[in-house]
Amino acid sequence: MENSTTTISREELEELQEAFNKIDIDNSGYVSDYELQDLFKEASLPLPGYKVREIVEKILSVADSNKDGKISFEEFVSLMQELKSKDISKTFRKIINKREGITAIGGTSTISSEGTQHSYSEEEKVAFVNWINKALENDPDCKHLIPMNPNDDSLFKSLADGILLCKMINLSEPDTIDERAINKKKLTPFTISENLNLALNSASAIGCTVVNIGASDLKEGKPHLVLGLLWQIIKVGLFADIEISRNEALIALLNEGEELEELMKLSPEELLLRWVNYHLTNAGWHTISNFSQDIKDSRAYFHLLNQIAPKGGEDGPAIAIDLSGIN
């Protein structure tokens with residue numbers, strides 16, 4: 001029996017986006033079919049040329065939904081889902097071992113393949129709960145939901161009616177959703193679905209990838225999908241202020257011989273990366289090229305914090321950490 005399409009986790013989605021951006025050098029939002037082989041390599045799924053040609057002939061006809069010979073990120077994600085469901089991707093699958101601080105759950109989506117495991121970090125969940133509690137603590141429409149308990153599954157249950165999601169989207173991108181369109185009183189299954197679909201459509205409108213997420217997934221509180229969407233929404237809001245027009249101090253990030261126009265073309269994430277590397281260089285530490293693999297050991301964080309706040313902050317003095325024994 002042919003496997004069902006597998007889901008893409010938040011971590012995998014970020015890795016795929018990073019791989020896609022490396023191939024999409026002109027930032028057009030598309031890659032051409034002849035670039036697929038390089039894209040698969042960047043996505044840690046190297047394929048021989050003949051297999052890529054087969055994909056172009058067979059699978060691409062489905063993935064390239066608008067038949068223009070170009071592949072968008074959403075189409076690429078769909079293509080990867082197809083590949084992950086086939087025998088060719090056996091080496092691509094990752095076995096998720098249950099570790100301290102990691103909660104593993106079985107495949108909970110109707111489109112997950114049998115035996116699929118998803119996982120999420122308890123620390124990540126706690127961080128999201130604390131952030132939402134603080135951000136929406138004074139919103140009268142959220143009094144029935146806030147504060148949530150970070151130590152249980154309150155987060156997943158509280159998002160089920162769609163109100164919190166709509167509110168968070170407006171926090172990240174003000175006025176995206178007309179408050180009058182949010183159903184807030186005498187909720188029924190129909191009005192709840194309206195709220196959730198409104199949130200999903202609005203999340204997509206502000207740049208979130210909502211591939212493989214439906215209103216029913218959010219209503220049921222499927223952790224890996226909920227947390228993945230939450231992170232994208234929060235990320236949009238965090239990056240919103242990383243603009244030269246809002247923070248002229250970022251002009252200091254200009255490289256030698258670089259024009260201001262070139263700096264202004266950088267995306268918020270690229271500006272943030274430039275800012276981090278600026279401080280890491282001043283700290284005498286090597287630069288990073290991404291916010292995933294390069295920061296996993298936290299050493300970049302240590303040197304960054306030591307550079308921008310050597311004496312600590314409002315919550316207390318700096319804590320001395322000896323990194324001499326770490327390679």
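## The whole chain

Start with everything shown: among contacts (heavy atoms within 4.5 Å) in the protein chain between residues at least 6 apart in sequence, 53% join residues at least 24 apart. This is a predicted model, where local features need pLDDT of at least 70 and side-chain atom pairs count only at pLDDT 80 or more, while totals for chains, interfaces and linings use all residues. Residues are numbered from 1 along each chain as its sequence is written, and side-chain values use heavy atoms, with hydrogens and water left out.

Switch to cartoon and you have 14 helices and four strands; these are DSSP runs (helices H or I, at least four residues; strands E, at least two), numbered from the N terminus. Of the 327 residues, 41% count as buried, meaning under 20% relative accessible area, with exposed over 50% and partly exposed in between (1.4 Å probe, protein chains only).

## Two helices side by side

Now select H8 (residues 163-172) and H11 (223-240). Their axes sit 8 Å apart at an angle of about 25°; axes are lines fitted to C-alpha atoms over the stretch in contact, and angles run from 0 to 180 degrees between N-to-C directions. That makes H8 roughly parallel to H11, the word for angles under 35 degrees.

Show side chains next. H8 brings Leu165, Met168, Ile169 and Ser172 to the contact, and the H11 residues include Leu229, Ile233 and Gly237. By class, the contact has nine nonpolar, two polar and no charged residues. Here Ala, Val, Leu, Ile, Met, Phe, Trp, Tyr, Cys and Pro count as nonpolar, Asp, Glu, Lys and Arg as charged, and the others, Gly among them, as polar.

## A buried lysine

Pick Lys222, in the loop between helix H10 (215-219) and H11. Is Lys222 buried or exposed? At 5% relative accessibility, Lys222 counts as buried. Its side chain makes a polar contact with the side chain of Asp217 (2.8 Å); that term means a pair of N or O atoms within 3.5 Å, one able to donate a hydrogen and the other to accept it, and residues adjacent in sequence count only if both atoms are side-chain atoms.

Most residues other than glycine have a negative phi, and most peptide bonds are trans. Select Asp175, in the loop between H8 and helix H9 (189-205): phi is near 70°, and Asp175 is exposed at 72% relative accessible area. Last stop, the loop between helix H6 (122-135) and helix H7 (154-158), where you'll find Pro147. The peptide bond from Ile146 to Pro147 is cis, with omega near 0°.

Methods
Angles under 35 degrees count as roughly parallel, over 145 as roughly antiparallel, 65 to 115 as roughly perpendicular and the rest as oblique.
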